[in-house]
Every structure is written in structure tokens, then in C-alpha cells.
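Reader: I'm new to this. Could you walk me through how to read a structure?
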Amino acid sequence: MFSYCADPKTLEGLMWLSCYITTAKHMSFYVSFLVVMGLISLAAPLAMAFGFAGAIAARSSIRVFRLIGKGYLAMIRGIPDIVFFLFIPIALDQAFEFLRHKVLCSDVTEPIRQGNDFVVCAAAKLPLSTASEWVHDMYGFLLALLAFGFVFGAFTGNVLSGAMTAVPKTQLETGEAFGFSPRQIFRRILLKQMWVYALPGLSNLWMILIKATPLLFLLGIEDIVYWAKELGGIKTGVYEYKACHLHLFQIHLPHHYH
Amino acid sequence: MNCFQTLSDYSFRSLGYGERLLPKADITLCEQFVLIGSGMIWNIYFALLALLFGFFFSTILALGKNSKSSMLNVPSRTFIFIFRGSPLFIQFFFAYELFVILPKLGFDLNLGFLTITVETRWLTKAWLGALIVLFFNTSAYAAEIFYGALRAVSIKDIESADAFGLTGTKKFKRIIWPTMLRLAWPSYTNEAIFLFHATSLVFFTGFPAWQQKGDAIYYASYFADKTFNPFIPYPIVGLYFILMTLIVIGLFGLINKKLNKHLSPNERSKLRIKLKLIR
């Protein structure tokens, strides 16, 4: 980055460090912090939206909604979140491409699933194979964001529905006594009062969300963990051995299907 | 190929027995169920052993954190803070890289009747390395739970113990420890469930799956890669984990009943499964 870095012979003391920490790889490492922060700042409101929808659905008087809502909130307790982080991006990707295929290439009669392949017409590919690099990156980021929103939405939903049941019944009954309709009670009393009970849980969730960001690495995003691994991966005998290993036994960290 | 054949070929594939090659083409539903189930052996292994060892270590840590002497207090607090404060994902990465750079040594361990050579190389393998990470992690989380319970032990109980002339270890073993367990049990059940879920991270971090002997999620993602269809293997994993979660709840519920036996019905603490804790 600095002009004196061009000639390593002239470097002394801390000048060496200043060159080292401004290499292209290190710069990508610093940028990846922004990527992660961008993701959590977008994932938090998305998770709130998912969670809110889930919590409301779980209290719905319509049976189907109630079942869906309760299922959504309960499933996260029984199934590891990694499963969702692996499943959702691929599933969403295929769902989007499937829909685009149906709409854009309605003349193609061949089935989409041919044996072990998922074949959609070129126009339905997401992103298009002609799209530039950043579009691909952006699409990967978007899928990761949706996965985070979905999983943390379930967590948030649990907190919110717990908060809704914690609101004292007497307050709701007071609303009823004033002649409020159920909808008014929900909007004017329940929604306002539940925050007091929800906030501690939500602040806890925020911490958990920050701690979960290394999982982005699993989703093929070049995040902090990715660059830390790149920077930390010294080439020693052991690492060559490990690289061999990776090729021989095809251990793949899940990567994006594009 | 019928399902019985698959069952005998792949039931213990995750341990290295049976058919060596994983199914490649024409993957059947049966193969997915059997192989993913076979991978569950590893999840159960990690969870069971980490929980077992962690139970004792976390009690020690909780006592350390509760102790007045800073010699015990500070290390316990630091340990708990580090393992609860950092993501498990990073702990796996870090531990693996650390174990890899350790010198390759062998120690002879004399057990009296036989001598086994303990090798530091084992640490880079998931069965030991990842187990140690999970053990430390669950110890820290459980220690915090036990510490909270230890502080919640009613002063009346302790005073009654004193009045009966119980002191030292006897007081701890008969009064404080059982009460601590009873108070902590619902949260500890939660911890056990989420430790179970955390085992699914093992083969997605540093630890390589040697000769494709992996856990349930490893095989599920293998199938998702091969068939390009995530809609079958992942729900299967989900199903297996839900089953295991129900079994954990059942077993811990029985222990909870035993711990609460002496109380009147309205004093008993119900097992309530609360949510999450990503590590």
C-alpha cells in the first residue's frame, strides 16, 4: 500500500508491520468485517419480521395459521440450526429457479429433475450465467441473509410469543370492559405492553446473533472466518498433508451451487 | 438392491464397517435413511461422552466460581467466560489448528494389565479433538447453570443441615449438591439438548472426516451434493434430531421426577424446554 513497501530491503522495525497489515489479503479481511456487520444489521429487522409473523400466527384463531406458527416456533428447538443454514439457501435457490423456469421457459417440456440433476433453462438461472461477479456475490449474500432471518425469526418468535403470554390478563380484560374489539385490544394493549417483557430476551438474541455470524462461512460467504483462515493458513508440511486429504477424500465444506 | 442389503452395508459405515464406497448414482430413500442414521452414531457419541465428563467438570467449575479463594475463583471464571463468550464454531477451528501444530509424540500409558501408546496425533482426529472441545464447551455452559443453582440453594436448607451437625463434604453431598441439581435440572436439560445440536458442527469446522466417516449432517450434505436435492436428506436429519431431542427430554424428565420426589406437588419444578442458545 505504501510506496516504501515495494522494496523489502529498506524495511525496518514497525515499517515492516505497516506493510504486512496493509496487504491485499488483509484489506479483504477488513472489508469482510463490514460484510458481517451489514449482514447482522439487515438480519435483525428481517428476523423481527419473521418472528413477529410467527408469534402472531401461533396465536391466531384460524387453525391452519396456528399450526404453521407453532410448528415454526417449535422446530428450532428440535433441529440443529446448522441444518437450516445448509438447507435454506439451496432450497430457496432451487425454488426461485423452479419458479422462473415455469414462468420464463414454459415451452420447455423436459422435467427439471433429471436423475441427480436439477436442470432449468439458461434464462431461468439465478443469477444469469452472464451476470458479473458482484451479482453472484450479492445473490449468495441475499440467500445467507434469508437463512439468518428465518432461523433467528424462529428465535425471535419464541421470545415475542413468550412476551405476549406474559402480559397480565387483567389488562386485556380492562380493554374488553372499555368495549374494545379484539383487534383493538391486540393493537392498543397487547402489542404495546409486550415490549416490556420482550426486551431482555431480544437483547440476548442480539448477542447470540453476533456470535452466530461465523456460520456465514458455512454458507460460502467470504467473511471474517474465511479471511482469517486464509491469513492463518501457513504452508507447512502438515498443511500440505491436509490439502492432500481434502482432495483424496473429497471433504467439502458446503459451497454455493454456482 | 433391497433395503435389508443396504442396512447391512451401511448401518455402521460411519465407523468404517461394511461397504466402503458411498452410494453414488441412483440413491434410494432407504440408503439416505440408513447412512444418515449411521452418522447419528457419531452425534450420540460426542453428546453422550461430552455430557458425561462435562457433568463432573462443570460441578467443579461451579464450586470454583462460587469459592471465595481467588486461586479457585479466577481460573474458573476465566474458563467459563472464554468458552461461553466465544462461538463454538471458532473454538473448533482454533482447537484443530492448535492440535495440528503440536509435535507428533507418543506416550506409553501403563494401565496395569496392558500398555497403550497415547499419541498426540489423535488430537487432530474428530473422535478425540472435537470431543475435547465439546467437553470444555458444555462444561462452561453447565457450570454457569450450576453456579446459578448453587447460589439459589435456600439458606434454610443449609441452616437445617448445620442444625443436624452436617459439615464439609457430608453437607455438600447430602444437602447442597442434590438441591443444586434439582434447581438446575430444567436448564441443564436444555443444555443437553443444545449440546446435542452442537455436535452437528464437528465435521463442518476444522476436523476432517477421515475416509468419509462422518456424522449425520456430513452424510446429509453429501447426499444433497450428489442428488442436488436438499428436500430429502435435510428433513431426514431433522427427523432424527427431533427423535433424539424427545429421547433426551424423556430421560431427563425421569431424572427430574426423581430429584423432585421429596417435594409436595406444588413445589416441584416442571421440566420446561426453553429455546436455543447458539453457541
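**A hairpin, a helix pair and an interface**

Author: Let's begin with a pair of facing residues: B:Asp108 stands opposite B:Thr117 in β2(B). This is a predicted model, where local features need pLDDT of at least 70 and side-chain atom pairs count only at pLDDT 80 or more, while totals for chains, interfaces and linings use all residues. Residues are numbered from 1 along each chain as its sequence is written, and chains are lettered from A and ligands numbered from 1 in the order in which they are written.

Reader: How many bridges join β1(B) to β2(B)?

Author: Two strands pair if DSSP finds at least two bridges between them, and strands are DSSP runs of E, at least two residues, numbered from the N terminus, while helices are runs of H or I, at least four residues. Here 5 bridges link β1 (residues 106-110) of chain B to β2(B), and the two run antiparallel. Their hairpin has 4 residues between the strands, and B:Gly112 there takes a positive phi near 95°.

Reader: Which residues of chain B's helices come together, and at what angle do α2(B) and α5(B) pack?

Author: Axes are lines fitted to C-alpha atoms, for helices over the stretch in contact, and angles run from 0 to 180 degrees between N-to-C directions. α2 (residues 29-66) and α5 (residues 126-152) of chain B pack at about 45°, axes 6 Å apart.

Reader: How many residues of chain B are in contact with chain A?

Author: Contact means C-beta atoms, placed from the backbone, within 7 Å. By that rule, 34 residues of chain B touch 32 residues of chain A. Elements giving two or more residues to chain B's side are α4 (88-101), α8 (216-227) and α9 (233-259).

Technical notes:
Two residues are in contact if their C-beta atoms, placed from the backbone, lie within 7 Å.
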